[in-house]
Amino acid sequence: MGTITVNKLGGLSLILGPVFTLIFYFLQPGGALIDAADPANAQASIAATLSNAGLAQLTGVLIPIGLLVMLAGILSLQRHVSSGGNGDALARYGVLFIFVACLGWILGTGMGLAISGSDLPVAKAVPTFGSLYAAITGIGTVAGIFAGIGFLALSLAISTRDDYSKPFALVAAAAAVVQIVVGVIGGVDSTQLQTMTTITGIVYLIHTAFMITVGLKLMKQ
């Protein structure tokens, strides 16, 4: 049986992890595609979750798996960057923030399973899980800001190297700045949270495309 190198497995993880995560992120009930709800509206969001409990539970389990696969790829990328060339310091900084962001997202999805697994009617579920939902929203907001900082540092690190696409890395860095800004806006003004979440979804698309291109390059190293 053949073996696979660290770079090839890391590159494959950078390709599959973000795509896997993004697919189930968009499939979450109450999100962009399934029973879309304003994330600032706890009643509408909880109702969407309970109306699609099976899908909510599925995404709540699969999203963390995708995040961990992506994180494994990012750690392999940071290892490759550290082995030679520019960007080591920034890459290490970026990985730290992305790691903490992934922990926050995983914690939030785990807490969400408590809601999706409930058999309470919506009228009782909202007062019961209102505080839990608020905590999930807060954790997700902070995690999004941390992820923006992490991807900003990581993409700037990649932009200093000759073995990856500098223009695309700079586009990813600009998208990360947008993610940080919209995360802060959504955190301090809940009336803007739905719009900011939509913009964040677009940023995730850009970062997913960036991770795919980096993953393909890493597999060839």
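Trainee: What percentage of the 221 residues in the chain do buried residues make up?
Mentor: This is a predicted model, and a residue is called buried when its relative accessible area is under 20%. Among the 221 residues in the chain, the share made up by buried residues is 44%.

Trainee: Which element gives the largest share of the largest nonpolar core?
Mentor: The largest nonpolar core has 32 residues, and those with the most contacts inside it are Ile-74, Leu-77 and Phe-151. The elements that give two or more residues to this core are α1, α3, α4 (88-116), α5 (122-159), α6 (166-188) and α7. The largest share, 8 residues, comes from α3.

Trainee: Which residues is Leu-77 in contact with, leaving aside its neighbours within four places in sequence?
Mentor: Leu-77 is one of the residues with the most contacts inside the largest nonpolar core. Once the neighbours within four places in sequence are left aside, Leu-77 is in contact with Leu-14, Leu-154, Ile-158, Tyr-164, Val-214 and Leu-218.

Trainee: Is Thr-208 buried or exposed?
Mentor: Thr-208 has its place in helix α7, which covers residues 193-219, and, not counting residues up to four places away in sequence, Thr-208 touches Pro-18, Val-19 and Leu-22. Its relative accessible area is 10%, and since the cut-off for this class is under 20%, Thr-208 is therefore buried.

Trainee: Which elements give two or more residues to the nonpolar patch?
Mentor: The patch on the surface is formed by Ile-4, Leu-9, Leu-12, Leu-16, Val-61, Ile-65, Val-69 and Leu-113, which together have about 620 Å² of accessible area. The elements that give two or more residues to the patch are α1 (6-27) and α3 (53-82).

Trainee: What relative accessible area does Ile-65 have?
Mentor: Ile-65 lies in helix α3 and is one of the residues that form the nonpolar patch on the surface. Ile-65 is classed as partly exposed because its relative accessible area is 42%.

Key: Residues numbered from 1 in each chain as written. Predicted model: local features only at pLDDT ≥ 70, side-chain atom pairs only at ≥ 80, totals over all residues. Heavy atoms only, no water. Patch = residues over 30% accessible without salt bridge, like charges linked within 9 Å, V, L, I, M, F, W, Y side chains within 5 Å. Areas by Shrake-Rupley, 256 points an atom, 1.4 Å probe, with all protein chains shown as cover. Salt bridge = Lys/Arg side-chain N within 4 Å of Asp/Glu carboxyl O. Helix = DSSP H or I, 4+ residues; strand = E, 2+ residues; numbered from the N terminus. Buried < 20%, exposed > 50% of the residue type's maximum accessible area, 1.4 Å probe, protein only. Contact = heavy atoms within 4.5 Å. Core = buried A, V, L, I, M, F, W, Y, C linked by side-chain atoms within 4.5 Å.
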